[in-house]
Amino acid sequence: CHGAGKDYSKISIMKDRERAVAMGLVYLAKNVCTKCHNPESPTWNRERYTDKKGNKTGFDFDVSWEMIKHYMPKK
């Protein structure tokens, strides 16, 4: 989960998958993201994202992942 990334983002921690998870890393999945990114959220903006079909949407996992993905060390 990106909220607590400062606790596990050091490369020395990210190289150790178990340690990174212990420090708060949550592997992204749509069902994890939509716990916060949903219409009930106080910061929800239905115009925020444009999906691959060109439609405006408050959250699009695929679009979001492309914006935030970064190197993930192999176990």
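Glu47 is partly exposed, because its relative accessibility is 37%. The model is a predicted one. Arg46 is exposed, at a relative accessible area of 57%. These two residues form a salt bridge, with 3.5 Å between the closest N and O atoms. The structure holds one salt bridge.

Asp60 presents another case. This residue is buried but has no salt bridge. The nearest side chain of opposite charge belongs to Lys52, 6.4 Å away. A salt bridge requires the nitrogen and the carboxyl oxygen to lie within 4 Å. Asp60 sits in the loop between β2 (56–57) and α4 (61–68). Beyond its neighbours within four places in sequence, Asp60 is in contact with Tyr49 and Asp51. At the start of α4, one of its side-chain oxygens comes to within 3.2 Å of the backbone nitrogen of Asp62.

Phe61, Val63 and Ser64 are buried in α4. Viewed down the axis of α4, the buried residues fall within an arc of 160 degrees, so they line one face of the helix. An α-helix has 3.6 residues a turn, so residues three or four places apart point the same way.

Definitions and conventions
Residues numbered from 1 in each chain as written. Predicted model: local features only at pLDDT ≥ 70, side-chain atom pairs only at ≥ 80, totals over all residues. Heavy atoms only, no water. Helix = DSSP H or I, 4+ residues; strand = E, 2+ residues; numbered from the N terminus. Buried < 20%, exposed > 50% of the residue type's maximum accessible area, 1.4 Å probe, protein only. Lys, Arg positive; Asp, Glu negative; His and termini not counted. Contact = heavy atoms within 4.5 Å. Arc of directions from axis to C-beta. Polar contact = N/O pair within 3.5 Å; in protein donor to acceptor, adjacent residues only side chain to side chain.
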